[in-house]
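Subject: Structure handover, aromatic contacts

Hello,

Here is the structure you asked for. My notes on its aromatic contacts follow below it.

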Amino acid sequence: MRRRVVLYDAAQFEPLTDEAWDDGRARDAIAAIVADADAAFDPETLWPVYDWDGWETPRPATNLYVGAAGVLWAVDALCRRGHAETSLDLAAAASRMVELERADPDFEADLAEGELHAAPGALLRGQTGPLLAAFRLKPDPGLADDLHALVRGNVTNPTDDIAWGAPGTLLAALAMADWTGEARWHEAARETAEALRARRGDDGLWRQDDDYRGLGTLHGGAGNTLALLRLEPDDALASDMADVLARTAFREDGLANWPGAPSTTLVRADGTIRLQWCTGAPGIVAGAWEYLDEELLLEGAELIWRAGAHGDVKGHGLCHGTSGNGFALLKAFARTGDERWLERARRFAVHALRQGERLRAANGRGRYSLWTGHVGTALFAAACLDADARYPIVDDL
């Protein structure tokens, strides 16, 4: 008798709220998140850092992942899209952020903590993110030159993922090409893509660690493929990655999940099963939604829906929380046009907003980061308002 496959750990999740989606309440919640970020800002030290986000480092955080660059990018994006207004001088805040980053780079703190991946050019944890966010707010030739050097210097980074490596700086180069129209950015993007393609293994994947060849969007093949396809369409690459994801999926009763890297089990060394954007079906669906076999994509989306919202340990955010899982449902809507998936994504957004309000009250303040904090949840709610499935940064710089 075949043993049933357990696809997720139900104890990590909680039932979705019964509260109905309401456009006005969503808009009010987004405005409240931005107002809280405005109030918490300090012109010298930027935003307070949540313990986990600070990685136990007592310093202003400037990076795109959990630092000021991500908050500034998110607030600016919400304002540009008409979902919020800010009292802050975002350009001045960005200038202070760059000053702090240059004086005490985030990636150097990661190196001091033994983080093998740390690199100055990293999009999410290095200098590329702060400089990119600053350039978006106030274009400056000096920033552009520094960014160009970071992008080209990251071409040989051996960690091939969006967080640290060349795939992330490929996305940065493409954004700069759009914003400036300068040929050097297209050249940097093609140089990066050529090197990235050359490092792809016979198994269709790339190396992130000595013994890790990931599948997902943050750390793996789905994200690397996404970056390459942003540069130019490639049906063969998309088909190859769809095959990789099909053969590495765990499927049971019309549901699907993925391990972080090809494996004979979904259970990690610590005994957990991941079902979140950074590892598992939410990231695979969100990153590979355009080319993944539709039946398999919907099996992954259905598992996310049935699991419900992440509990407070993971929280409401984009990386490993309720909002990140909800974005996968928006991708299912984008792929199929089925309004049911938009309605489900909006249920996740309502829950994430209320979860964020509850945690802010319990902690006495908000969590000021893009991937783990309240501004990321605000972006997810705004995406549900607009029925816009673009995931922050990865799809929309």
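Is phenylalanine 327 buried or exposed? At 1% relative accessibility, phenylalanine 327 counts as buried (under 20% relative accessible area; exposed is over 50% and partly exposed in between, with a 1.4 Å probe and protein chains only).

The model is predicted, so local features need pLDDT of at least 70 and side-chain atom pairs pLDDT 80 or more, while totals for chains, interfaces and linings use all residues. Residues are numbered from 1 along each chain as its sequence is written, and side-chain values use heavy atoms, without hydrogens and water.

A search of the whole structure gives ten aromatic pairs (rings of Phe, Tyr and Trp, the last by its six-membered ring, with centres within 6.5 Å; planes under 30 degrees apart are stacked, over 60 edge-to-face, the rest tilted). One of them joins tryptophan 277 and tyrosine 391: the centres are 4.5 Å apart and the planes at 10°, so this pair is stacked. Both tryptophan 277 and tyrosine 391 are buried.

Phenylalanine 327 pairs with phenylalanine 380 in a tilted arrangement, 5.2 Å centre to centre with 45° between the planes. Phenylalanine 327 is in helix α13 (residues 322-336) and phenylalanine 380 in helix α15, so the pair ties together parts 53 residues apart in sequence (helices are DSSP runs of H or I, at least four residues, and strands runs of E, at least two, numbered from the N terminus). Phenylalanine 380, at 0% relative accessibility, also counts as buried.

One aromatic cluster is formed by Tyr65, Trp277, Phe327, Trp371, Phe380 and Tyr391.

Regards
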